[in-house]
Amino acid sequence: MFSPRLLSLRPAASLPCRSFCSAAASRRGLAPDMDQVRNRLREIVGASTNWSDHQQAMAERVSLSSMLVRSQEELPAKRMKDSFLEVHLPLGSEPALREKYLTYHNTVRFGRILEDLDSLAVLISYSHTYNPALKRSPLSIVTALVDKIDMRQQVVYPDCDIKFTGQVTWVGRSSIEAKMHMSQYRDGAYAPVLDATFVMVARDPGNKRAAFVNPLAPEGPVEEKLLQEGEANKSRRVELSTASLLKVAPTNEEQKIIHDLFLNTLDANTVSFRSRVLPPNSVWMEDAKLKGLEICHPQQRNIFNRIFGGFLMRKAYELGWANACSFGGCRPSLVAVDDILFQKPVEIGSLLMLSSQVCYTQGKYIQVRVHSEVFDPLTRQHSTTNIFHYTFASDRDVPSIVPRTYGESMLYLDGKRHFNQTVES
């Protein structure tokens, strides 16, 4: 029987014999690591580490559709502690693992952390939907949105152990909010590094339509507050989507901002709408781009035979960081990750095109938007798959970014909105 709950932090003596923690780890009473998390996810859905076997296993999952319920009322309510997980990343005690996370500047690769958070969010969601009567889960749980990642510490040390904890804090009919926290052991205690909120969705075994998840029953005022925060987060997302600049015009205040930017770039000597002059200490938005291309190989697949969302986040983050570094002239630090939207899955073999754009600056802060799309060389068509938003901080004031076209002005306003949300949260 699949049992993601074996990951919960419990005394080693009480762990069932099927625990996938190593024997040594069990003797020490340690939580599992990320390799064990990903191995457990493969067991839950019946995935294989072998490419050809994996394809066959995914084809066989279609038969699990009969195990799905017809309404959420048929599922038992779960508690928040049912999905609680604690996972360790032993960077301090395992030098071989440290190499995977190490940067040239002796810090931790944050892109790798994004991959770990994505895997953990999926397993937390499976822990919430765990049914002891089933050998495999009929649900296909995937990441729909990274709502927010707030950094509470700018430096992550490569030679100190890291601890992840997380649980489900809100559910809809087929969606799940998972809150996670990352801390690092230093000077004799664990100190908080980041807080993350992911939104997951459950779909049928073929990953084609929505599937119901267990309702959530909070226990006590603390959990009631978490549930209310989840409802507020959902309402905020709906409100932001309704006010999207892709749907409605900018506000009066935003229109004035754009017009003032335009007036500030007019050439006073020509008095022409077409003659534009770049203000001092400024950069045209079109000159603050950086692009990349990835060929999506089977090695980067997830448990559902598509490209792993954590891999996409890592690649987008690294491109966005490089753009912020080039723009600011120094190595920036990450302040927040905001509103990463997964619009469409990326298939194995795709040509993934990534485009990063500095879209807003203020003081030492740099707001970067990364757009990812797949390109079909046969049809010549482009399809958007993801949008990523990152807020970076430089160690000095950076140039102002200036839009030239109306489209760039909308990017500027969108970047300003995301930056303001980061500052206000």
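Setting aside residues within four places in sequence, Phe 392 is in contact with Tyr 317, Gly 320, Trp 321, Ala 324, Pro 332, Ser 333, Leu 334, Val 335, Lys 364, Tyr 365, Ile 366 and Val 368. The model is predicted.

**Phe 392 in strand 11**

- Phe 392 belongs to strand 11, which spans residues 381–393.
- The relative accessible area of Phe 392 is 0%, so this residue is classed as buried.
- Ile 348 lies 44 residues from Phe 392 along the chain, and the C-alpha atoms of the two are 31 Å apart.

**Helix 2 against helix 5**

- Helix 2 comprises residues 34–45, and its axis comes within 10 Å of the axis of helix 5, with a crossing angle of roughly 45 degrees.
- Angles of 65 to 115 degrees count as roughly perpendicular and those under 35 degrees as roughly parallel; the two helices are therefore oblique to each other.
- The handedness of the crossing between helix 2 and helix 5 is left-handed.
- On the helix 2 side, the contact is formed by Met 34, Val 37, Arg 38, Arg 40, Leu 41, Ile 44 and Val 45.
- On the helix 5 side, the contact is formed by Glu 115, Asp 116, Ser 119, Leu 120, Val 122, Leu 123 and Tyr 126.
- By residue class, the contact of helix 2 with helix 5 consists of nine nonpolar, one polar and four charged residues.

**Residues of helix 5**

- Tyr 126 is situated in helix 5, which runs over residues 110–128, and is one of the residues that contact helix 2.
- With a relative accessibility of 0%, Tyr 126 counts as buried.
- A polar atom of the Tyr 126 side chain is 3.3 Å from the backbone nitrogen of Ile 141.
- Tyr 126 and Gly 292 are 166 residues apart along the chain, and their C-alpha atoms are separated by 34 Å.
- Ser 125 is also placed in helix 5, and its relative accessible area of 0% makes it buried.
- Apart from neighbours within four places in sequence, Ser 125 contacts Ile 141, Val 168, Ile 176 and Met 200.
- Not counting residues up to four places away in sequence, Arg 112 touches Lys 100, Tyr 101 and Arg 314.

**Helix 7 against helix 9**

- The axes of helix 7 (residues 252–264) and helix 9 (residues 406–424) come within 11 Å and cross at roughly 125 degrees.
- This pair of helices is therefore oblique, because the roughly antiparallel class applies to angles over 145 degrees and the roughly perpendicular class to angles of 65 to 115 degrees.
- The crossing of helix 7 with helix 9 is right-handed.
- Helix 7 contributes Glu 254, Ile 257, Ile 258 and Leu 261 to the contact, and helix 9 contributes Ser 409, Tyr 412, Leu 413, Lys 416 and Arg 417.
- Sorted by class, the residues of this contact are five nonpolar, one polar and three charged.

- Asn 305 is not a glycine, yet its phi is positive, at about 70 degrees.
- Asn 305 is located in the loop connecting strand 7 (289–295) with helix 8 (309–328).
- The relative accessibility of Asn 305 is 18%, so Asn 305 counts as buried.
- Asp 339, likewise not a glycine, has a positive phi of about 55 degrees.
- Asp 339 is part of strand 8, residues 333–342.
- Asp 339 counts as partly exposed because its relative accessibility is 27%, and that class lies between the limits of 20% and 50%.

**Asp 53 in helix 3**

- Asp 53 is found in helix 3, which covers residues 51–60.
- At a relative accessibility of 43%, Asp 53 is classed as partly exposed.
- The C-alpha atoms of Asp 53 and Val 368 are 40 Å apart in space, and the two residues are 315 residues apart in sequence.
- Val 368 is also among the contacts of Phe 392.

Note on methods:
Residues are numbered from 1 along each chain as its sequence is written. This is a predicted model: local features need pLDDT of at least 70, side-chain atom pairs count only at pLDDT 80 or more; totals for chains, interfaces and linings use all residues. Side-chain values use heavy atoms; hydrogens and water are left out. Helices (H or I, at least four residues) and strands (E, at least two) are DSSP runs, numbered from the N terminus. Buried means under 20% relative accessible area, exposed over 50%, partly exposed in between (1.4 Å probe, protein chains only). A polar contact is a pair of N or O atoms within 3.5 Å; within protein, one must be able to donate a hydrogen and the other to accept it, and residues adjacent in sequence count only if both atoms are side-chain atoms. Axes are lines fitted to C-alpha atoms, for helices over the stretch in contact, and angles run from 0 to 180 degrees between N-to-C directions. A crossing is left-handed if the near helix is turned anticlockwise from the far one by less than a right angle, and right-handed if clockwise. Contact means heavy atoms within 4.5 Å. Ala, Val, Leu, Ile, Met, Phe, Trp, Tyr, Cys and Pro count as nonpolar, Asp, Glu, Lys and Arg as charged, and the others, Gly among them, as polar.
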